[in-house]
Amino acid sequence: MDIAGKVAIVTGAGAGIGAALARRLVDGGARVVVADLDADSAAKVAGELGAIAVGGDVADEAVISTLIETAEREYGPVDLYFANAGIGGGPGLDSTEDQWSAAIDVNVMAHVRAARLLVPGWVERGSGYFVTTASAAGLLTQIGSAPYSVTKHAAVGFAEWLSMTYGDQGVRVSCLCPMGVDTRLLSGDLIPDAPEAAALAIKAVTTAGKVLSPEEVADTVVAAMAAEHFLILPHPEVLDMYRHKGADYDRWLAGMRRFQAMLRG
């Protein structure tokens, strides 16, 4: 996969990983539509890059349709879709129905709706690339937030299914699973209405490994796409953690309980 000349849509691109991805893609010769719920942030990033901005809720199928139509009108058929927008959600069992619904909508169903609109055309053309931003929480778990853990697991699961089902028909899929990245999620937006749970979740992430810059993550993504790797791990140690989990689930769970107790202590 060479990104030069490709038409790309990046959601959640008003800041953080999404903005860094948009910059890296433009630097690599791609033509990019920058999408974000915050229309002003999207416009700012797009203006800096000479890209196109679209504001709106990318969990809304009508907004996704607008993104695709805009890209096709201005640049041509969409080659790359980065389902990057994501939210934290609530804490634990006290998470509200609205918090669960929002996390499911943005972290999972936004991916399903985008794939529903794009994949049939990609199969017909014989090419297309879907990149899911999940999290190491989707392979391991997230201390402090049940909705985030569950929906990121679901995001990984959908990406796996997409690759398995359409990989032999020209559709490439990658799934990005970083640990700590210097974004708004790590500065308090992970669980905005539960500061104690948010502090625990953030401490768990920052204690587990290095906090990377969004630019470092974007470079890793583009390199992994060039090799067409499914699993993108900016923190390579996540793979060892995942292997330990699969090798002895009970031992891993006991270790996570100890880790959680240490963080609280």
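Strand β4 and helix α4 each supply at least two residues of the lining of the largest cavity. Helices (H or I, at least four residues) and strands (E, at least two) are DSSP runs numbered from the N terminus. The model is a predicted one, in which local features need pLDDT of at least 70 and side-chain atom pairs count only at pLDDT 80 or more, while totals for chains, interfaces and linings use all residues. Residues are numbered from 1 along each chain as its sequence is written, and side-chain values use heavy atoms, with hydrogens and water left out.

**Cavity and pocket**

The structure holds one cavity of 30 Å³ or more. On a 1 Å grid over the protein atoms alone, a cavity is a set of points where a 1.4 Å probe fits but cannot get out, whereas a pocket is an open set with protein on both sides within 12 Å along at least five of seven lines; lining residues have an atom within 4 Å of a point. Grid points are joined across faces, edges and corners, and a volume is the space filled by probe spheres set on the points.

| Space | Volume | Main contributor to lining |
|---|---|---|
| Largest cavity | About 40 Å³ | α4, three residues |
| Second largest pocket | About 210 Å³ | α9 (residues 249-264), four residues |

The cavity is lined by T11, V58, Y81, A83, N84, A85, V106, A110 and H111. This lining divides into six nonpolar, three polar and no charged residues. Here Ala, Val, Leu, Ile, Met, Phe, Trp, Tyr, Cys and Pro count as nonpolar, Asp, Glu, Lys and Arg as charged, and the others, Gly among them, as polar. The lining of the second largest pocket includes P91, T141, L253, M256 and R257, and it comprises five nonpolar, six polar and one charged residue.

**Helix α3**

The 14 residues of α3 (residues 61-74) should span 20 Å at 1.5 Å a residue, and the end C-alpha atoms are 20 Å apart, which agrees; the expected span is 1.5 Å times one less than the number of residues.

**Residue S101**

S101 lies in α4 and, at 44% relative accessibility, counts as partly exposed.

How values were computed. Buried means under 20% relative accessible area, exposed over 50%, partly exposed in between (1.4 Å probe, protein chains only).
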